[in-house]
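Biologist: Show me the model, please. I will ask what each label rests on.

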Amino acid sequence: MASIHNDIPLPVPARDVWDAVRDFGALHQRLVPGFVTACTLDGDARIVAFANGSVVREVLVDCDDARQRLVYAINNERLKYYSASVQVIAEGETRCRLVWIIDMLPNELAAYIQGQTKEAVSAMHRAFPPAA
């Protein structure tokens, strides 16, 4: 099983990033605008449209405010297994880290998913720029 780890430093308070992460239906507006172009809630899932044209259904598995951790899963014809966690960790009052871990099968798609996560990380940095 492939495991993709992203440890993303952000120059904003953890509470601001967590508020965007936990807003499950606003992915395209708050966390990764531009990378995700649309997001629609469907019960406990969100239908996510990406800038590259792909669309996936992501199911909310857990949203833990105390740990500032959200878990979601994808199950479709291309991905046999996909589980991801996003956790926001404070580093003082004005900085934080977002730790995004994806475990997935098949392994052959790992390079593609890793490339997509790099684009998502760039979008996060644009969404949370350093204070001027």
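Modeller: Start with the largest pocket, whose volume is about 470 Å³. This is a predicted model: local features need pLDDT of at least 70, side-chain atom pairs count only at pLDDT 80 or more, and totals for chains, interfaces and linings use all residues. Residues are numbered from 1 along each chain as its sequence is written, and side-chain values use heavy atoms, with hydrogens and water left out.

Biologist: What makes a set of points a pocket and not a cavity?

Modeller: On a 1 Å grid over the protein atoms alone, a cavity is a set of points where a 1.4 Å probe fits but cannot get out. A pocket is an open set with protein on both sides within 12 Å along at least five of seven lines. Grid points are joined across faces, edges and corners, and the volume is the space filled by probe spheres set on the points.

Biologist: Which residues line the largest pocket?

Modeller: A lining residue has an atom within 4 Å of a point. By that rule there are 30, of which F50, V56, E58, I74 and Y82 lie nearest the centre. The elements that give two or more residues are α2 (27-31), β3 (45-50), β4 (55-64), β5 (69-74), β6 (81-90), β7 (96-105) and α3 (110-127). The most come from α3, with 6 residues. Helices (H or I, at least four residues) and strands (E, at least two) are DSSP runs, numbered from the N terminus.

Biologist: How does the lining divide by residue type?

Modeller: Into 22 nonpolar, 4 polar and 4 charged. Ala, Val, Leu, Ile, Met, Phe, Trp, Tyr, Cys and Pro count as nonpolar; Asp, Glu, Lys and Arg as charged; the others, Gly among them, as polar.

Biologist: Take Y72 in strand β5. Why is Y72 called buried?

Modeller: Buried means under 20% relative accessible area, exposed over 50%, partly exposed in between (1.4 Å probe, protein chains only). Y72 has 4%, so it is buried.

Biologist: Which polar contacts does the side chain of Y72 make?

Modeller: One is with the side chain of Y82, at 3.4 Å. Another joins the side chains of Y72 and W100, at 3.2 Å. The rule asks for a pair of N or O atoms within 3.5 Å; within protein, one must be able to donate a hydrogen and the other to accept it, and residues adjacent in sequence count only if both atoms are side-chain atoms.

Biologist: Where is S85, and what is S85 in contact with?

Modeller: S85 sits in strand β6. Contact means heavy atoms within 4.5 Å. Leaving aside neighbours within four places in sequence, S85 is in contact with R69, L70, V71, V99, W100 and I101. S85 has 12% relative accessibility, so it counts as buried.

Biologist: How many disulfides are there?

Modeller: The count is 0, where a disulfide is a pair of cysteine sulfur atoms within 2.5 Å. For C39, the nearest cysteine sulfur, that of C63, is 14 Å away. C39 is buried because its relative accessibility is 11%. C63 is at 28%, so it counts as partly exposed.

Biologist: What is the phi of Q68, and where is P106?

Modeller: Most residues other than glycine have a negative phi, and most peptide bonds are trans. Q68, in the loop between β4 and β5, has a positive phi near 50°. P106 lies in the loop between β7 and α3. A cis peptide bond joins L105 and P106, with omega about 5°.
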